[in-house]
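Me: I am looking at a protein chain and would like to understand the words used to describe it. Could you go through them with me, setting each value against its definition?

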Amino acid sequence: MSTNQDTQDNDLDVEETAGKSHKGLILGAVVVGIGLGAWQGAPRLAPRMAPCAAEAGPVWAAIPLPFGGGDGHGGGHGDDGSGERFFQFDDLILNPAGTDGTRFLVLSLALEMKEDAGLAALEARDPEVRDAILSLLSTKTVQELADVTQRPALREELRQRLNELLGEDEIVRLYLPRFVIQ
């Protein structure tokens, strides 16, 4: 009788082991199937997905900037409710002095204006203002630009130069929200 009981126990053990190995085999097949599907499907789906992503624009474009703007075309002006006006220049690129073109500075510059009239003058003279900014900053060396303690003086020098160009003290403050030296 014990032989019959042992045989039944062995049969149950074999069935449990077979059930476990089938589950592992099925799980392995699913994982391999997903991997192959991604490997083969991604190159085929990417061209179809690219136009959708291009229409949506970059993710960061939906993030509001504190100065308005963000389109890279100057502009970026408006009233924030307190009577202050902002004008932003995005992604200005220049080579610092003494680098022979091997280094560059990428910056965004925001100007806080007194009045709408100053904004209009700034918009009308956009190319001149950009040239003045680039001309002044390109005379600075990498060491001068990289020294954080010199930033306030650099901001003030830029503000004064641009106010001279506009003919009035229209620019109240100057901000450098992006300043990257490579």
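Reply: Let us begin with the word helix, which here stands for a DSSP run of H or I that is at least four residues long, with helices numbered from the N terminus. R159 has its place in such a run, helix α5, and please keep in mind that this is a predicted model.

Me: How many helices and strands does the chain have, and in what pattern do they follow each other?

Reply: The chain has five helices and three strands, and along the sequence they are arranged as α-β-β-α-α-α-α-β.

Me: Why is R159 called buried?

Reply: Buried means under 20% relative accessible area, and R159 has 19% relative accessibility, so R159 counts as buried. Leaving aside neighbours within four places in sequence, R159 is in contact with I171, V172, R173 and L174. R159 and E112 are 47 residues apart in sequence, while their C-alpha atoms are 10.0 Å apart in space.

Me: What makes R85 buried, and which side chain does the side chain of R85 make a polar contact with?

Reply: The relative accessible area of R85, a residue of strand β1, is 13%, and because this is under 20%, R85 is buried. How do we know that the contact is polar? A pair of N or O atoms has to lie within 3.5 Å, one able to donate a hydrogen and the other to accept it, and the side chains of R85 and D116 make such a contact at 2.5 Å.

Me: Which residues of the largest nonpolar core touch the most other members, and which elements supply at least two residues each?

Reply: This core has 26 residues, of which L107, L109, L111, I133, L137 and L162 touch the most other members. At least two residues of the core come from each of β1 (85–94), β2 (105–113), α2 (116–124), α3 (126–137), α5 (151–166) and β3 (171–181). Not counting residues up to four places away in sequence, L137 touches L94, L105, L107, L145, L154 and L158. In soluble globular proteins, nonpolar side chains tend to be buried together.

Me: What share of the chain counts as buried?

Reply: Of its 182 residues, 27% count as buried.

Key:
Residues are numbered from 1 along each chain as its sequence is written. This is a predicted model: local features need pLDDT of at least 70, side-chain atom pairs count only at pLDDT 80 or more; totals for chains, interfaces and linings use all residues. Side-chain values use heavy atoms; hydrogens and water are left out. A nonpolar core is a set of buried Ala, Val, Leu, Ile, Met, Phe, Trp, Tyr and Cys residues joined through side-chain atoms within 4.5 Å. Buried means under 20% relative accessible area, exposed over 50%, partly exposed in between (1.4 Å probe, protein chains only). Contact means heavy atoms within 4.5 Å.
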